[in-house]
Each structure stands twice: as C-alpha cells, then as structure tokens.
Amino acid sequence: MGSCDEKQYGVTKPISRAGPTVADMQRNKELEKFLVESGLYESDEEAAKRVEVLHRLGQVLKSWVKMLTRRKGYTDQMVEDANAVIFTFGSYRLGVHGPGADLDTLCIGPSYVNREEDFFFALHDILANMEEITELQPIPDAHVPVMKFKFDGISIDLLYASISCLVVRDDLDISDVTILQNIDEPTVRSLNGCRVADQILKLVPNAENFRTTLRCLKFWAKRRGVYSNVTGFLGGVNLALLVARVCQLYPNAGPSMLVSRFFRVYTQWRWPNPVMLCPIEENELGFSIWDPRKNPRDRTHHMPIITPAYPCMNSSYNVSTSTLRVMMEQFQYGNKICGEIELNKAQWTALFEPYAFFESYKNYLQVDLVAADVDDLRAWKGWVESRLRQLTLMIERDTSGKLQCHPYPYEYMDISRQCAHSAFFMGLQRKPGEVVQEGQQFDIRGTVDEFRHSVNMYMFWKPGMDIYVSHVRRRQIPSYVFPEGYKRSRQSRPSGQQDNPHKSSQEDEISGTEQCERNFKRKYFDKAGVKQEVVVKKQFSVPLDSLARSILSQGSSGLSFDMHNSGQDVMERTKSPESDTECAPNSSVVTSLTSDGGCEDVGSTQMAVSVEDNKGVDGMISGRFDDTACGIHSVPIVKNEDARGNEALQNELQQQMEVLAFNSVLLLYPFLNRFPYYH
C-alpha cells in the first residue's frame, strides 16, 4: 500500500495501490509472450521504414507550403521561412501500433494555406503524380477531413490544420491551448487527435504498463468484433481512454491485472455515467464541450467517454443501444475468462477466441456493395460503411427498440466474382423478454428504403456504384465469409457463448456438404403437423449481376421470418411482379414473430444490459445513488469464483462510482433538476 501523499491520477482516488504478486508477474510474462507470438509487434525493419516515410512525407509537405507561398505572392523571405510541421497521433503516437497499421498524421500549416483548395486540390495533385503514392483517396466531407493513401506501401491518414500564424515553427507546442485561437471546428477536431494522445500519456501512472494493456485489449476487441468506432463500437481513442482510466484506478498494477480489472470495472460501470481522466475544462475560447446542461444531443449519449484535452468531447458518440448491448456482453465474456485465468483454469488464448458471429443469430441483413472497379469500390465502401451506423439507429427507431441489431464491423468479398464487390452483415434478434403476439411483424422495408436513399446521396457517386440490402438466414450465409470456405459445426463454438435456452432441440444445422447443394427443398412441420415446403434459391455461387437479379431485384417483395410454436422456423420469399426486372432498387425485410419464437440470439451469451433482466450476473447491488449524473440506479456485481479480495474491490468500485456521481453533480445539478429521467 502506498503512502498517503502518493500522487492521485484521475478524478477519484484509486481503488487499489497494490503492486503485482508473484502470480501476477508470472501471468505478465505469459501475456507478453502471447502478444509477441501473435505478431502484434512490428519488426525493426518496418519501424525504420515508417520513420523514413514520415521524413519523406514531411519534406513533401514543406515543399508544398513553399510553393503555395510563392504562388500567393509573398516575399522571398517569407518563401524561405515558409514551413509545415508533421505530427503523429493514434496508435503510433501512443506506441501500440502493430505490423501494417495505419499511420495517423497531422500536417500543421500557416494561416494562408487552407484545407479546401490548397490541401484537397493542390497537395492532392502533387501526391497523385508521385510514383510512391498509391490508393489516394480524399475525404473532404468527413467529420474530420482526411486524405488517405499509401506511401511506399505504408498506409497513411493525413489531416490538415491551418493555424493563425504566418510562420509555423518546428518546435511548435501543440499542447498549448492558444493554438486553438481563431480556427474553425473541423480544425479543432484535426488538432485534438494529437492533443488527446499527449494528454493520455501524461495522465497514466505507468506508460509501459498502459501500452501493453492497450495493445492486448485492442487485439481482444478485434477478435471479438467490437473494434470499430465508425460502426458504433470502440475505436482506438475510446479504448485508450477506457484503459487509461483503469490504469488510474490501479496505479501500481501490472498488465495482466489491468486486463482483468478492465473487464471487472466495465461490467459494473453504470452507463451512461461518463468515463473521464480529468475534470472537464472550460475556456474563454468558447468551443463547445460535452455538457448535457447546454447540449440536448449530449443527453442522448449511451456510453460517454470524454477526451482529456480542451475542448473535452465525447469520443464515443457513435455508440447506440444495440452496440452498447453487444459490448456489455463481450465485457462479461472477458470478465468470465479472466476469472478463470486467475484460477489457472484457462490460458490467455481463451480470451482471444474469435467471436462466432455467423453462428450466433438465426437472421441477418446482408449489405452488398458493387462498383465498376476497385478504386470506385474503395470510395463507395468508405461512404457506405460510415452510414451503416445510421441503419442500426433507424431500425431501433422504427421498431421501438424491439428488434435488436448487431452490426459486424468487418467486410467480406467473394474473390470468385468478376466485378468489384464487398459485403457487410448485421445480426438481427427480437429483444429478449419482449412479449410478442401471434402474427406480429417487424416491417422494416421503409427503413431499408430510407437508408438506401440516404446512401445514394453520395456526392461522388459514379455509374456502377450500387447497394443492395437483403435478409438471409443462417443457413444461407455465403461460404466466402468463413476462412476455411465452409460453415463450421456449432459444436466448435467458443466457450462463453451459450446456447439459447429457448432454442428447439429440433433445430437443424446445415453442414459443409449440405451447403454445396444450393437448390434444395427443406420440409418443416408446424405445431399442427402441416407439412410445408420451402425452396431456398441459388444465390451465392453466381456472378454479381445474377446475384442482384436473383436476390435483390425483388422490389417491394416480402422476406419474412415466421417463428412457430415448435421452435422451428420457415422462411418464405414472395416474388413480386417486378422480380423479372434487373437490379430493382428496393429490397425489403419483414420480420414476423410469434409469442414462443423470435429472432433469438442462438449461441451467444444471454445478457441484457438492463439490470431488471440481467442473466449474466449472479449478484446485484440495488439502490439509488443520490444526485447521480445518469439514470441507472443499480450496479450488477459479478461473482467470480476467485474470492481473493474480489468483494472488497467491488465495494471499492461502488464507492468510486458514488464519488464520481458526487463530482458529476457539481457540473450537472441544474440539468438533473430539469430532467427527472436522470435521477
């Protein structure tokens, strides 16, 4: 236990100042060995190449600014002094990047070099004519405008910020808040990537322990399918802030204990209480900060993770009800495995078992993208992927949250096709515990049409770019999504993904051999014993233009899931009169649920976010936190088999939440009085 005058990190006192035990140190060695063997560290040669590429890019940017200075008619002395400075941020700046990772960079230039014309046109033309530059993709309309490209094979995301000075010094201090004077909001967002990374490293007790823990948890999040800020999950900054907060709560812990405590803390965190590394700073510069008192939109955030640099923002505003539910399930899974590791009942490999997404649901939405060539597809895919989160929100909105979505943040492509193609998938299930009346339907045809319309507003649209949304059953998932090219047996599902207790024992699974029979009839029997025949169309082993005709040209046709009392399900495709037309623009989905069935989550761990129906925990502390900043008033407590100090740590965490609530109320008290929901 440290002395009472030890430095405090964060907005509350630490939960524990205990250092690693002998067993912890052994687990640290095993964890670091696992990370190395998993290939998470780049080689010395690749590290040297990144440094070289950064230097060469810096020279290009300096020459570009000098050229513009001369072109704009400035003096020879100004041309000589003209300068641009390049900074890094993201995983590279934090020291947790791996082989092949993107290099996040920021160019800071003088006030007379602007983003709209000078960066996205003049610099773009310079880069386009360089042999070592490939896959150049400007995205000027992004929330943070960016130019993406590869420089000698190294993937680079380049931002630009024009600050209010005529000459940019090489020793520019980007952490100085005066750098934000007289600039616009997009420029502030561009600068804050670097400023946040620097603040994170200053606010953690031990940078090396932080890096190892973050590297581990990034790998875990990717393996479990919850690493994608644009889809509504955790991005690099979000995860770094969550890890940094755990480092503050356990300042002397080693990486293995920090990984374990990460899951313990966030399975018990009472969202939407904000995660903060330091108090929210206000400044006379007047930029908007995260403040539910003044900003109505901030009141709707589900998982606030606040950046530590002014202006403090919620880095996880993309999180939705559905993606928070999925993340909470995965935190619970990680907490369970870490408990087993601490009891020597499991190895680190168990924590990183890939999530069996295509074995976890009965029903999916498949989003197919096509374009004339790979370059067009890259641009089209980037735009659509940035909008997929909106489809999740629309479905939540139009079904009053009764139809839950699980967007999977990975793309798939069928290399056997002759055209540029990419596909995304989204799992669908009825909200657990929802009472469904006989014949009730979730008709999301209008939702899909609205989404397609918004996507087709792409300002850089080109002929050949198209999107198709269709419903597929688990048995119809195309083989190209599986690494081995065939569907795995349900028995191989990772531990921690339990069968749905409502699943009928009569539910049959398609084997790898059966899947090859694309045209086949399956016979089902409803409760009354009436035999029905269903023909599943051949649709995935054909060229994409035929795919579009066979699946997606159905116009306003109905695709329905009928869940019968026996637990069996029937899928019917009702062909519309327009089905003979080629690539009709609208596909549709109707979800039909009966009281005993539903779009149940098959094979995934059943855990509801709400404390009233939390099947994933064994214990619960009920009660109200007075003046709490946010509105969930009971804390689920996970009972590990490891009794070593666990109960005491849970009590400590509860006290931390109470202190956080007390501190938060100083900021939010007027807001709480006006909005009783948050009491």
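The model described here is predicted. The protein has 16 helices and 17 strands, and 56% of its 679 residues are buried.

**The α6–α8 pair**

- Two packed helices are described by the angle between their axes and the distance between the axes.
- On the α6 side, the contact is made by V196, I200 and L203.
- On the α8 side, V237, A240, L241, A244 and Q248 make the contact.
- By class, seven of the residues in this contact between α6 and α8 are nonpolar, one is polar and none is charged.

**The five-stranded sheet**

- Strands of a sheet pair through backbone hydrogen bonds, in either a parallel or an antiparallel sense.
- Five strands form an open sheet here, in the order β1-β2-β5-β4-β3, and their pairing is mixed.
- The edges of this sheet are β1 (85-89) and β3 (133-139), each of which pairs on one side only.
- On average, neighbouring strands of the sheet are turned by 25° against each other, direction ignored.

**Strand pairs within the sheet**

- The parallel sense is represented by β2 (residues 103-109) and β5 (residues 154-162), which pair over seven bridges.
- In this pair, D104 stands opposite D157 of β5.
- The antiparallel sense is represented by β3 and β4, which are joined by five bridges.
- Within that pair, I139 stands opposite V146 of β4.
- A hairpin of six residues connects β3 to β4.

**The helix across the sheet**

**Contacts in the whole protein**

- Of the contacts between residues at least 6 apart in sequence, 72% join residues that are at least 24 apart.

How values were computed
Residues are numbered from 1 along each chain as its sequence is written. This is a predicted model: local features need pLDDT of at least 70, side-chain atom pairs count only at pLDDT 80 or more; totals for chains, interfaces and linings use all residues. Side-chain values use heavy atoms; hydrogens and water are left out. Two strands pair if DSSP finds at least two bridges between them. Helices (H or I, at least four residues) and strands (E, at least two) are DSSP runs, numbered from the N terminus. Axes are lines fitted to C-alpha atoms, for helices over the stretch in contact, and angles run from 0 to 180 degrees between N-to-C directions. Contact means heavy atoms within 4.5 Å. Ala, Val, Leu, Ile, Met, Phe, Trp, Tyr, Cys and Pro count as nonpolar, Asp, Glu, Lys and Arg as charged, and the others, Gly among them, as polar. Buried means under 20% relative accessible area, exposed over 50%, partly exposed in between (1.4 Å probe, protein chains only).
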